[in-house]
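Here is a short briefing on a structure. Look at it first, then read the notes by topic.

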Amino acid sequence: MNIDVSGDCAVRIERHFGAILAELERMRTEVAALFASGPVTSDELSAQVEAGTVEFLQDPNLLGGGFVVAPDALSDRRLYLAWWQGAGRDFLGEAEVPGTGETMDYTRQPWFRVPERTGRLNVAGPYVDFVCTDEYVLTTTLPVYAGGRLVGVAGADTAVETLERMLLPCLREAQATLVSSTGRVVVSADPHLATGEALTSGRKEGPDGRLLSVVQTPPAADGASRTLSGWPS
Amino acid sequence: MAKARATTSRARSAIFAPIGDEGRAVRVENRLAEAIRSGVLADGDRLPSELELAQMLGVATVTAREALVSLRAQGLVVTTRGRGGGSFVRAPEPGDVVKGRLATMSRVELRDRASLYQVVLTGCAELAAERAAPDEVEDLHDLLLPADEEDVGRWRDAESELYLSVAALTQSARLTREVVRQEADFGTLLRVPLSESDFRQASGGRHRALVAALEAGDVAAARTSVRDHVAHAVERLTEIHEVVRQ
């Protein structure tokens with residue numbers, strides 16, 4: 001049991017989330033340049049990011065992605081999601097409160113709020129996203145600045161089911177659990193550790209500030225839960 | 001928006017399809033009123049003239065005129081004279097649409113829908129109290145409005161989002177989707193009483209109790225606050241129902 005067999009998991013996590021990070025950084029450059037050139041409308045933003053996003057979303061392991069603006073960054077709308085999602089890669093535009101049809105303010109959602117506060121890459125969830133997909137997801141977001149001002153977040157959604165399919169075999173081999181930065185179980189080799197359950201109480205950040213960690217479960221005999229790998233590594 | 005217009009034009013041609021010989025003014029009126037209330041005919045849309053309308057629907061001109069008179073009386077159509085004049089759609093206030101829906105509902109149906117809503121939402125509150133992490137519950141404080149907030153729309157949106165958030169805290173996508181459905185369906189009716197100041201105060205208190213219960217992981221208290229709220233809202237709604245049905 002002391003042989004480290006989590007290598008495969010680390011490779012798979014890096015392959016998936018590394019690709020997301022590379023895309024979000026690409027989009028950051030693209031969007032920052034657009035905002036640096038003057039006032040931007042919602043149509044101009046969508047037109048700019050559509051081709052790259054749809055191309056990136058050819059990866060079936062992604063549920064959706066795009067760019068979500070900070071309030072009042074656009075010249076014609078306060079809130080806007082240049083976001084494509086689902087099997088048909090449908091365009092979102094704006095989120096509505098069911099029933100009233102009013103625009104829903106997404107800025108209090110952790111996927112927006114956390115990178116807004118920290119200025120850094122974030123992986124939010126697992127959580128049920130009722131703003132966009134109505135699915136159980138992990139949302140990776142990267143804040144984008146232009147002229148020293150936050151203009152929004154570039155992001156991509158991954159369904160928890162996708163990660164379960166992708167990572168469960170290697171997690172079983174390693175007898176380990178994929179844990180979010182807030183200490184929530186994402187996928188575990190242990191069937192009694194349900195997704196969303198808190199594995200560590202009150203921990204705000206994963207080890208070394210990692211956004212995702214692969215932790216041995218159950219903990220070793222001495223009670224110490226060993227972290228096998230993390231992302232970003 | 002473009003997508004919505006595409007379906008609208010198809011729905012439009014259905015509205016203006018011949019209505020048949022037995023079609024009388026009431027049927028013309030009902031068809032147009034329903035189209036206006038549901039938004040298929042949008043605010044400011046110009047209606048065909050009496051003559052055109054009569055030809056499209058296959059009724060006598062006098063029948064079309066009678067229907068338009070009645071729609072004008074209901075405030076769903078305004079007619080202006082002179083160059084550029086004609087009959088135009090006047091969309092009702094969203095609140096009137098909801099009350100219109102309430103008026104078509106039986107007391108049994110109201111109770112039936114309320115029961116489903118109550119069971120789903122109290123169940124969500126229980127699971128959320130068990131499962132939510134303190135930092136997740138903290139976010140819900142943004143949805144608790146100050147007692148002196150008078151914007152009814154804000155109360156309705158905040159309450160809808162609070163209940164959706166509670167559903168999401170169950171970590172179940174299916175439950176959340178069910179609540180999205182319930183909110184779009186029954187939630188709009190349940191929020192009619194929020195137009196009353198006393199009811200808003202009582203609601204605010206119960207929502208604060210709900211968030212406190214979720215923070216404390218108190219399953220019974222979370223359940224009670226949702227149950228009390230839905231029960232009170234249904235009670236008021238039933239009274240309003242009685243009035244609009246009369």
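A residue is buried if 20 or more other C-beta atoms lie within 10 Å of its own, exposed if 12 or fewer, and partly exposed in between, with C-beta atoms placed from the backbone. This is a predicted model: local features need pLDDT of at least 70, side-chain atom pairs count only at pLDDT 80 or more, and totals for chains, interfaces and linings use all residues. Residues are numbered from 1 along each chain as its sequence is written, and chains are lettered from A and ligands numbered from 1 in the order in which they are written.

**A loop residue**
- B:Gly58 is partly exposed, with 13 other C-beta atoms within 10 Å.
- The loop between α3 (50–57) and α4 (61–73) of chain B holds B:Gly58; helices here are DSSP runs (H or I, at least four residues) and strands are E runs of at least two, numbered from the N terminus.
- A separation of 61 Å lies between the C-alpha atoms of B:Gly58 and B:Glu138, 80 residues apart along the chain.

**Contact between the chains**
- Chain A gives 17 residues to the contact and chain B gives 22 residues; residues are in contact if their C-beta atoms, placed from the backbone, lie within 7 Å.
- On the chain A side, the elements that give two or more residues are β4 (122–129) and β5 (135–146) of chain A.

**Helix packing**
- Helix α6 (residues 107–131) and helix α9 (residues 173–190), both of chain B, pack at about 135 degrees, with their axes 10 Å apart.
- Axes are lines fitted to C-alpha atoms, for helices over the stretch in contact, and angles run from 0 to 180 degrees between N-to-C directions.
- Residues of α6(B) including B:Tyr117 and B:Leu121 meet residues of α9(B), among them B:Val179 and B:Phe186.

Key:
Two residues are in contact if their C-beta atoms, placed from the backbone, lie within 7 Å.
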